[in-house]
Amino acid sequence: SSLLPRCSVPILFVNGTNDVHYPLDSYLKTYYVVKSEKAMRIEVNMRHGHPPGGAPKEIGLFIDSKCMGGKPLPVIANPVVQDGRVTAGVDGEVLSTALHYTTDSGLRSQRKWQTLPLAVKGQEISGEAPPGEANTWCVTATDAREAMVSSIVIIKGM
């Protein structure tokens, strides 16, 4: 909490929806204190640990885009819910998008998540909004490299 606000390098945040050691509500607090460029990759039910945490291809692609001029990962704008629909702008070529949400309560590590496909047309992601009882949700986008990124995670009351 004392060092991250001074961070000046780009950071890719990688985590899972059900991480028992770093739950999403705590994780987001860390994400928000970083003022430098940042991106997020939240995977439904991603296991905790060094091997699963180091495995996503997005890590190398992110670093290559910052240090070697590689193609950047897509960027999803903060999603908006209006009139039963969710929309979000997206920068980058995206092949598929999805909405992930949970209506469960209790320990975040034990919540079950639901996934709905969303549509992408040009630079806009859209589709059915999460149900009103959803308490935690995000949008993901996957590009032709099968690299997946997430929007910020929305947690009711946070």
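Figure 1. Cys 138 is buried, with a relative accessibility of 1%; buried denotes under 20% relative accessible area, exposed over 50%, and partly exposed the range in between (1.4 Å probe, protein chains only). The structure is a predicted model, in which local features need pLDDT of at least 70, side-chain atom pairs count only at pLDDT 80 or more, and totals for chains, interfaces and linings use all residues. Residues are numbered from 1 along each chain as its sequence is written, and side-chain values use heavy atoms, with hydrogens and water left out. Cys 7 is also buried, at 18% relative accessible area. The model contains zero disulfides, a disulfide being a pair of cysteine sulfur atoms within 2.5 Å. For Cys 7, the closest cysteine sulfur belongs to Cys 67 and lies 13 Å away, which is too far for a bond.

**Figure 2. The largest nonpolar core and a separate core.** A nonpolar core is a set of buried Ala, Val, Leu, Ile, Met, Phe, Trp, Tyr and Cys residues joined through side-chain atoms within 4.5 Å. The largest one has 22 residues, of which Ile 76, Ile 125 and Val 139 touch the most other members. At least two residues of this core come from each of strands S1 (11-16), S5 (85-91), S6 (96-102) and S9 (136-142). Helices (H or I, at least four residues) and strands (E, at least two) are DSSP runs, numbered from the N terminus. Apart from this core lies another, of 15 residues, including Cys 7, Tyr 27, Val 34 and Trp 113.

Figure 3. Contact here means heavy atoms within 4.5 Å. With neighbours within four places in sequence left aside, the contacts of Ile 125 include Ile 76, Val 86, Leu 118 and Val 139. Val 14 is part of strand S1. Not counting residues up to four places away in sequence, Val 14 touches Tyr 27, Arg 41, Met 46, Gly 53, Pro 56 and Ile 59. The C-alpha atoms of Val 14 and Ile 42 are separated by 6.0 Å, although the two residues are 28 residues apart along the chain.

**Figure 4. The buried face of helix H3.** Helix H3 spans residues 57-67, and its buried residues are Glu 58, Phe 62 and Ser 65. Seen down the axis of H3, these residues fall within an arc of 65 degrees and therefore line one face of the helix; the arc is that of the directions from the helix axis to the C-beta atoms. The buried residues of H3 pack against S1, strand S2 (38-43) and strand S10 (148-150). Just after H3, Gly 69 adopts a positive phi of about 75 degrees.

Figure 5. Side chains of opposite charge can pair when their charged atoms come close. The model holds five salt bridges, each defined as a side-chain nitrogen of Lys or Arg within 4 Å of a carboxyl oxygen of Asp or Glu. Arg 41, Glu 43 and Glu 58 are linked in a salt-bridge network. Within it, Glu 43 pairs with Arg 41, their closest N and O atoms being 2.9 Å apart. Glu 43 is partly exposed, at 28% relative accessible area, whereas Arg 41 is buried at 7%. Glu 58 and Arg 41 meet in a salt bridge of 2.8 Å, N to O. This pair links distant parts of the chain, with Glu 58 in helix H3 and Arg 41 in strand S2, 17 residues apart. Glu 58 is buried, at 2% relative accessible area.
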